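Please have the sequence and the structure open.

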Amino acid sequence: MKAFVLTQYKEPLQQQDVPEPVLGDHEVLVDVKAAGLNQLDEKIRLGEFKQILPYKLPQVLGHDVAGVVLEVGAKIQSFKPGDEVFGRPSNDSIGTFAERVAVAEEDLAIKPATVSMEEAGSLPLVALTAWQALVERGSVRPGQKVLIHAGAGGVGSIAIQLAKYLGATVATTVSAGNMDFARELGADVVIDYRSEDFAEILHDYDFVLDSLGGENLERSLKVLKKGGKAIGIAGPPDAGFARQLGGNPVLLGAMTLLSSGIRRKARRLGVTYEFLFMQASGQQLRGIAALIDAGNIKPVVGRVVPFDQTSDVLAAMEKGGVRGKTVVSHL
Ligand SMILES: NC(=O)c1ccc[n+]([C@@H]2O[C@H](COP(=O)([O-])OP(=O)(O)OC[C@H]3O[C@@H](n4cnc5c(N)ncnc54)[C@H](OP(=O)(O)O)[C@@H]3O)[C@@H](O)[C@H]2O)c1
């Protein structure tokens, strides 16, 4: 089958013929119809995750899939051939930039019925990130004030809608051309990050989802009220993430150190900082699919490109300019 393979860090992905996936007892073979592109794919390609996710090259990339079940492993009960599914395979079984992929049953869910394959393929990684930040870590409740940075991006565009569904008042940062778009997504306060300073405008927030890190994260702590929480998805990583990766003492020490500065600043302000690295979850995707089918959250697909262009569009991702997600399609 055809797949886009990382053969050497920093080099473009190569389209190659690779062996068919070998199906485990607890896995489902999916005929890939659409796959969302993620910054994570590009960061892995550039070698930025070598220490954390040490893939043995060659490796097929791709973290999002929507497609049709072709075959199920011997122990599978919840899916059957012909089911339309979507999912984010776990880190050790990524590879959705391919014609077919084997995905663990626990990482998959039935695709929302009301959206296209491309829309479903845009969702898993970013929607799980938004869910794990706002619901799992943030326990966001009605009436709370939430700041979502980069509201026009893949994560931000879903997180704004989820935060509104949870009953929060939502502020977001976008570039000038995306201000109306952010309001359409439901944002109550929209800040142009190039001409306005969010830290001067926003006060007494309960929760911040930061996807930029660095100074943006530091300034975000100042908009929180005492007891508030900032979740960073662009870093720095913390000890909790090292434990999620298996608790290697060297990583634990390194990540504790990397986040010590921001955690100290947070402590001084009476707020908390945590790093989140999203995890695969078919169960959470079922909850997200229900919200999609109920019309509470709409997928945001800014660009659909043919599968053959996967390598080119991935390498162009950092240029930005796309609202929501870019999706590669086999349709
Ligand atoms: N840790 C995790 O589990 C996890 C999960 C998902 C993503 N991430 C990371 O989170 C980041 C965002 O991911 P994504 O998928 O949402 O990326 P994306 O779809 O490429 O969106 C990036 C957005 O950032 C906006 N932006 C750039 N500079 C900004 C600034 N100074 N203030 C506010 N917005 C700004 C751009 O908005 P304009 O177009 O309006 O300029 C663009 O919409 C990436 O670094 C990604 O790797 C981490």
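Q: In which loop does Pro58 lie?
A: This is a predicted model, where local features need pLDDT of at least 70, side-chain atom pairs count only at pLDDT 80 or more, and totals for chains, interfaces and linings use all residues. Residues are numbered from 1 along each chain as its sequence is written, and side-chain values use heavy atoms, without hydrogens and water. Helices (H or I, at least four residues) and strands (E, at least two) are DSSP runs, numbered from the N terminus. Pro58 sits in the loop between H1 and strand E4 (59-60).

Q: What is the omega of the peptide bond that joins Gly235 and Pro236?
A: Most peptide bonds are trans. Pro236 lies in the loop between strand E13 (224-232) and helix H8 (239-244). Its bond to Gly235 is cis, with omega about 5°.

Q: What phi does Lys10 have?
A: Most residues other than glycine have a negative phi. Lys10 belongs to the loop between strand E1 (2-6) and strand E2 (14-17). Lys10 is not a glycine, yet its phi is positive, at about 80°.

Q: Which residues come nearest to the ligand?
A: A residue counts as near if one of its heavy atoms lies within 4 Å. There are 21 residues around the ligand. Those that come nearest are Gln39, Gly154, Ser175, Tyr193 and Met278.

Q: How far is an oxygen atom of the ligand from a polar backbone atom of Met278?
A: A polar contact is a pair of N or O atoms within 3.5 Å; within protein, one must be able to donate a hydrogen and the other to accept it, and residues adjacent in sequence count only if both atoms are side-chain atoms. The side chain of Gln39 places an N or O atom 2.6 Å from a ligand oxygen. For the backbone of Met278, the distance to a ligand oxygen is 2.7 Å.

Q: How much area do domain 1 and domain 2 bury between them?
A: An automatic or database assignment sets the domain bounds: domain 1 (2-123 + 299-329) and domain 2 (125-275). Their centres, taken over C-alpha atoms, are 26 Å apart. Buried area is the accessible area (1.4 Å probe) that two parts lose on being put together, summed over both. Here 66% falls on carbon and sulfur atoms, and the total is about 1,100 Å².
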